[in-house]
Each structure stands twice: as C-alpha cells, then as structure tokens.
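Please read the points of this note with the sequence and the structure side by side. Each point takes up one kind of feature and can be followed in the display.

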Amino acid sequence: MYDIYAGYRLDSGFDVAQTARLVARYHYIEAQLMRIAAGRMAELPEWELKCLLGRHLWQDSQHADAWLSRLIDLRWPRRAPLNPGEATCRMLRLLDDAPDSAAFVAAVYRQVKPRLAAAYAAHRQACASLADEPTWDLLARIHADEEEQISQGMALLESFSSAARAVAQNYESAVAEACDGIGSFADPATAAEREASGSFEDQTVRPAPPIAARDARFRFGERAADHPPADEHEMALMMAHRDADNEMHAAELLGRNLYEHPEMPWEYHVDMARQLWDEVRHAVLYQRYLEHLGGKLGDFPVIPGNYAYRMSLDFPHRLYDLHLRGEKLGMPDLIRSRETARARGDAPYALLNDFVHADEVPHVKNGRWLRWLLNNDEAAFRRIERETMRLRAAYEQAHADDPIVMAYTGLVPAILQQEE
C-alpha cells in the first residue's frame with residue numbers, strides 16, 4: 001500500500017532549540033527586507049522597481065509572519081523574535097542606505113536574497129523531514145518564492161544602464177562584505193544573541209522624501225492635464241493616467257507608514273504590506289487600461305498629489321485620511337464606474353473597477369489601527385475625524401479643478417455639517 005511518508009528521514013542536523021534560533025533569524029531578515037523595501041519605495045524613481053518591490057515585500061511579510069508563527073510551535077514562549085546579532089543588524093542598516101536604485105537592487109537580489117535562499121536550501125537538506133515537517137514544508141515554499149524573486153530582481157537589474165550598474169559596484173561590495181561577516185544564515189550558532197524588543201530592533205529610520213520620486217518618463221505639473229480634455233476619449237486617458245499615479249501614491253504612503261512606525265504591532269505591518277501590494281496592483285491595472293486605450297505613462301503631467309499632502313499630516317491624521325476618508329469615499333465611485341462601463345460595453349474597465357472595489361473593503365477596515373493607536377478613545381477618534389476632514393476640505397478647495405477631487409462626493413460635507 002502507498003505510504004506517503006516512506007521517503008521521509010528520521011534523523012536531523014538540528015534539534016528544536018537550534019531550529020528555533022534559525023527560524024528567529026529568518027523572521028528578522030524577512031521582516032527587515034519587507035520594511036526597508038517599503039521605506040524606499042517613495043524615493044526610488046523607477047515605476048517598474050516600485051511594482052516589483054510592492055509584490056516582493058508583501059511576499060516577505062508572509063514569510064516573516066509564517067516564521068513567527070512557527071517560532072511559537074518550537075516552544076518559544078511568545079510572539080517575540082530574537083535579535084540575530086550585530087553583524088546581521090549592521091548588514092540590514094547598510095542595505096537601507098543604498099545610494100540609488102541600481103545599488104539597492106544589486107544588494108538585495110545579488111547579495112542578500114541569494115544567501116537567504118541558500119540558507120533555506122541548506123536547512124531543508126539537514127531538516128528532519130518527518131519530525132519537523134512543518135519547518136521542512138515552509139522552507140520549500142519560501143525558498144521557491146525567494147528563487148523567483150531573485151530571478152525577477154536580476155532581470156530588472158539588467159534593464160539598468162551599464163553605467164548605473166558600474167556605479168553600484170562599490171556599494172554592492174560593501175554589502176557582500178557585511179554578509180560575509182555574518183557567515184551562513186543557516187548556522188544556528190550565530191543565529192541569535194538575545195530576545196529582541198520587536199521585529200525591527202536596532203534599525204534606523206531614514207527621512208521621507210517630501211515628494212514621491214518618478215522616473216524620466218514623468219513630468220510634474222500643477223494639474224493632471226495640460227489643457228481641458230477635448231473629448232470623452234481624452235478624458236478617459238487622462239483619468240486612467242491620474243488613477244495609476246494616484247494608486248502608486250497610496251502605495252508609497254503605506255510604505256512610509258509601515259517603515260516609520262516599528263512600535264506598531266506586528267499584525268499592523270502585515271496588514272500594511274498587503275494593502276501596499278494591492279495599491280501597486282491597482283496602479284498597474286490603471287496603467288494597463290491606459291495602454292489599452294492607446295496611451296502610456298508620461299502622456300500627462302503628474303502632481304505631488306496625495307503622497308505629498310498626506311506626508312504633511314501626522315500619523316493619526318494620515319491613517320484617517322487614507323483608510324477612512326480616501327478609500328471610503330472612493331468606493332461608491334468605483335461602483336458607478338463599473339456600472340457605467342458595463343452599460344457602454346467596456347468589459348476591461350468594468351472588471352478593473354469591480355476588483356479594485358473588492359480590495360477597498362479590507363482597506364477601509366484597516367482604519368481600525370487608528371482606533372488601536374488611540375486606545376479606542378471615541379472622543380479622540382471623532383476629533384481626528386473632524387480635523388482630518390477640515391484639512392482635506394481646505395486642500396480640495398485649493399484643487400477644485402482636479403478631476404479626482406471632483407469625483408469624490410458626500411462624506412466630507414456630511415461630517416462637517418454634523419459638527420455644525
């Protein structure tokens with residue numbers, strides 16, 4: 001009779017304690033890779049790099065979350081990681097200081113992630129496939145993700161100019177040296193020194209760029225179009241272009257909200273990573289629809305927009321403006337756009353809006369983190385709500401001819417009238 005476990009080994013190179021130390025290191029590295037990529041999205045200009053980082057940092061958040069859960073199974077008493085030692089922390093701080101896009105991609109995808117993938121492969125080779133099947137299984141699935149990420153990152157690196165790649169070499173060499181100072185990521189003897197205060201201990205916070213960077217295809221302007229659209233087709237092109245850029249603004253803001261607040265619970269970071277990935281996908285959806293209509297990125301100006309405005313707010317007001325104002329206000333318009341597209345037979349636009357609307361539901365629910373931040377103080381929550389709406393109303397009055405502003409309806413006046 002067929003025996004599913006016939007080929008599984010009974011022996012292992014690692015016991016429970018050694019495995020826990022390695023799992024703790026894996027969590028820390030994956031969590032930091034997520035956080036660093038999120039923090040750099042707004043300042044690295046290449047659109048395709050932003051898209052790649054959005055997908056990969058979400059995957060890294062899933063890896064880190066799985067490792068943290070596995071740590072509990074391995075008799076670790078609570079959801080607390082271990083500090084992996086100064087060498088690992090120093091390497092990750094260096095990674096956060098990449099001078100430009102090519103250097104960052106080379107360091108992550110030619111140095112750090114290959115070593116991490118090699119550690120997963122080596123650990124799985126030594127793992128007790130029967131006694132420690134949960135770890136053995138996780139290693140296989142996460143290793144496959146990392147190998148795919150490396151392949152995609154290297155393909156993106158090849159699209160940079162040879163001059164850009166050459167300039168990155170000195171920095172990449174420094175990262176490689178820092179990695180060598182750690183040794184094998186799969187060595188339990190060097191995997192952890194002590195319990196950490198959280199998943200992001202010993203990491204600094206880089207200042208945020210006031211405006212989200214864009215590559216050479218884009219040009220900044222005060223409005224989303226150089227002139228009023230001549231017809232419905234040009235209006236559709238302009239709106240698709242504006243929507244693509246605006247969704248990327250949301251992803252970049254989420255990246256900063258994730259990166260700048262290591263004190264927030266781990267679950268908050270997982271939620272933000274997922275929403276960031278969603279916003280990147282939305283940006284690409286509108287980009288593809290723009291191309292479907294015959295346009296391309298750069299056909300219209302882009303404005304500093306919601307990233308610059310929201311970055312001027314403090315953290316509580318940012319949370320409300322994004323999750324409980326922007327996402328909530330946009331949902332009825334997505335439904336109207338879907339139904340209008342269906343009526344005129346525009347299947348791609350109808351499908352796009354249908355799925356974007358589905359994503360917005362959990363995005364609005366992520367507003368619960370504001371209540372968490374305020375310790376569920378209802379009076380404080382209402383104060384933040386009123387202040388955010390008044391600030392946004394003043395901003396929208398100053399940008400009244402922006403078609404995105406014109407599309408929002410209902411919620412701002414309703415809340416302000418309640419207060420009056």
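Predicted model: local features only at pLDDT ≥ 70, side-chain atom pairs only at ≥ 80, totals over all residues.

1. A search of the whole structure finds 42 salt bridges. One of them joins Lys113 to Asp60, with the closest N and O atoms 3.1 Å apart. Because Lys113 belongs to helix H4 and Asp60 to helix H2, this pair ties together parts that are 53 residues apart in sequence. Lys113 is buried, its relative accessible area being 1%, and Asp60 is buried as well, at 3%.

2. A second salt bridge links the side chains of Arg217 and Asp215, at 2.6 Å from N to O. Here Arg217 counts as partly exposed, with 36% relative accessibility, whereas Asp215 is buried at 13%.

3. Arg368 and Asp271 form a further salt bridge, in which the closest N and O atoms are 2.4 Å apart. Arg368 lies in helix H13 and Asp271 in helix H9, so the pair ties together parts that are 97 residues apart in sequence. Arg368 is partly exposed, with a relative accessible area of 40%, while Asp271 is buried, with 18%. Elsewhere, salt bridges that share partners join Arg310, Asp321, Arg325, Arg392 and Glu396 into one network.

4. Turning to the aromatic rings, the count comes to 14 aromatic pairs. Phe200 and Trp266 form a tilted pair, with 6.1 Å from centre to centre and 35° between the planes. Since Phe200 is in the loop between strand E2 and helix H8, and Trp266 is in helix H9, the pair ties together parts that are 66 residues apart in sequence. Both of these residues, Phe200 and Trp266, are buried.

5. Tyr289 and Tyr349, in turn, form a stacked pair, with centres 4.5 Å apart and 25° between the planes. Why does this pair tie together parts that are 60 residues apart in sequence? Tyr289 lies in helix H9, whereas Tyr349 lies in helix H12 (residues 347-365). Tyr289 is buried at 6% relative accessibility, and Tyr349 is buried at 13%. There is also one aromatic cluster, formed by Tyr268, Phe315, Trp369 and Trp372.

6. The charged end of Arg35 sits over the ring of Tyr259, 4.2 Å from its centre, and Arg281 lies over the face of Trp277, at 4.6 Å from the ring centre.

7. Leaving aside residues up to four places away in sequence, Gln59 touches Asp145, Glu148 and Gln149.

8. On the surface, Tyr2, Ile4, Tyr5, Leu10 and Leu130 form a nonpolar patch, and together they have about 610 Å² of accessible area. Leu130 sits in the loop between helix H4 and helix H5, and it counts as partly exposed, at 37% relative accessibility.

9. Asn375 is exposed, with a relative accessible area of 67%, and Asn376 is exposed with 60%.

Conventions. Residues numbered from 1 in each chain as written. Heavy atoms only, no water. Patch = residues over 30% accessible without salt bridge, like charges linked within 9 Å, V, L, I, M, F, W, Y side chains within 5 Å. Areas by Shrake-Rupley, 256 points an atom, 1.4 Å probe, with all protein chains shown as cover. Salt bridge = Lys/Arg side-chain N within 4 Å of Asp/Glu carboxyl O. Helix = DSSP H or I, 4+ residues; strand = E, 2+ residues; numbered from the N terminus. Buried < 20%, exposed > 50% of the residue type's maximum accessible area, 1.4 Å probe, protein only. Contact = heavy atoms within 4.5 Å. Phe/Tyr/Trp six-rings, centres within 6.5 Å; stacked < 30°, edge-to-face > 60°. Lys NZ or Arg CZ within 6 Å of the ring centre and 35° of its normal.
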